[in-house]
Amino acid sequence: STTLLDSGNTLLVNSPILKKVYLPREIFPITCALSNFIHFMMGWLVYFSVFFVILHIVPGMGVPILPTLVFFPLITLVLLLLVIGLSLWMSILSLFYEDIRFIVQTFMNLLMFVLPVIIPADVFRDKSPFREHPWLFQVYMMNPVVSVIDSYRKTILEPLPVNSFNMQGYALPMNWVAFGGATVITLLILFSGLAYFNYRKWEIVERY
């Protein structure tokens with residue numbers, strides 16, 4: 001969310017450079033994504049240091065290191081490609097449609113209520129309309145953001161009984177089918193964003 005909002009201003013902030021020097025325009029939203037990615041990984045470093053190392057000193061505390069943690073780099077790579085693709089779209093659209101930044105900011109706040117940020121995604125599978133239409137839950141899980149959040153939870157943390165949330169049964173294992181679908185959608189967002197950016201990048205200087 002931080003990268004999307006920041007990338008909306010990248011072309012505007014760097015307009016003096018674009019007017020004087022020729023360089024690949026897409027470097028600005030990509031650099032924005034990579035700089036925020038460094039901050040993102042620093043946050044993970046703090047998390048792993050505290051929960052995997054420091055808290056293990058106290059008996060009964062800390063998070064166990066699961067073998068599924070080997071998938072952490074793969075999930076992170078998909079997230080990085082997704083953010084770069086969205087940044088390309090956001091930067092070029094914000095240049096020609098200035099209100100898009102405010103719409104996205106409001107939309108990001110609303111997403112907190114439909115993404116499995118606080119409540120695990122497995123809880124939703126027994127909720128209507130997912131209970132009546134299981135395929136709809138699979139489509140929901142193919143949302144790249146939902147899939148990344150759920151995959152992080154499944155690979156880092158031990159599964160909790162779903163009845164902890166007044167549900168029946170246990171948490172589902174890693175949904176590789178949904179993650180594969182989310183990866184394909186991520187690549188489509190990335191390449192379509194790059195194609196659209198290249199299609200309109202020659203209009204950037206004229207826009208200014």
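# Why the terms apply: helices, rings and burial

From the N terminus on, the chain runs α-α-α-α-α-α-α-α-α-α. The model is predicted, so local features need pLDDT of at least 70 and side-chain atom pairs count only at pLDDT 80 or more, while totals for chains, interfaces and linings use all residues. Residues are numbered from 1 along each chain as its sequence is written, and side-chain values use heavy atoms, with hydrogens and water left out.

User: How many helices and strands does the chain have, and what makes a run count as one?

Analyst: The chain has ten helices and zero strands. Helices (H or I, at least four residues) and strands (E, at least two) are DSSP runs, numbered from the N terminus.

User: Why is the pair of phenylalanine 48 and phenylalanine 72 called edge-to-face?

Analyst: Rings of Phe, Tyr and Trp (its six-membered ring) pair if their centres lie within 6.5 Å; planes under 30 degrees apart count as stacked, over 60 as edge-to-face and the rest as tilted. Here the centres are 5.4 Å apart and the planes stand at 75°, so the pair is edge-to-face. Phenylalanine 48 is in helix α4 (residues 27-54) and phenylalanine 72 in helix α5, 24 residues apart. The whole structure holds 14 aromatic pairs.

User: What makes the pair of phenylalanine 137 and tyrosine 140 tilted?

Analyst: Their ring centres are 6.4 Å apart and their planes are at 35°, so this pair is tilted. Both residues lie in helix α7 (residues 134-141), three residues apart, about one turn of the helix.

User: How do you know whether phenylalanine 137 and tyrosine 140 are buried or exposed?

Analyst: Buried means under 20% relative accessible area, exposed over 50%, and partly exposed in between (1.4 Å probe, protein chains only). Phenylalanine 137 has 6%, so this residue is buried. Tyrosine 140 has 16% and is therefore buried. Phenylalanine 72, at 10%, counts as buried too. Buried residues make up 37% of the 208 residues in the chain.

User: What makes a set of residues a nonpolar core, and which residues have the most contacts inside the largest one?

Analyst: A nonpolar core is a set of buried Ala, Val, Leu, Ile, Met, Phe, Trp, Tyr and Cys residues joined through side-chain atoms within 4.5 Å. The largest has 13 residues, and Trp44, Phe72, Val148, Tyr152 and Ile156 have the most contacts inside it. Helices α4, α5 and α8 (144-156) each supply at least two residues of this core. The largest share, four residues, comes from α5.

User: How do you know that arginine 200 lies over the face of phenylalanine 96?

Analyst: A charge sits over a ring if NZ of Lys or CZ of Arg is within 6 Å of the ring centre and within 35 degrees of the ring normal. Arginine 200 is at 3.9 Å from the ring centre of phenylalanine 96, and lies over its face.

User: At what angle do helix α5 and helix α9 pack, and how far apart are their axes?

Analyst: Helix α5 (residues 72-96) and helix α9 (residues 176-200) pack at about 35°, with axes 8 Å apart. Axes are lines fitted to C-alpha atoms, for helices over the stretch in contact, and angles run from 0 to 180 degrees between N-to-C directions.
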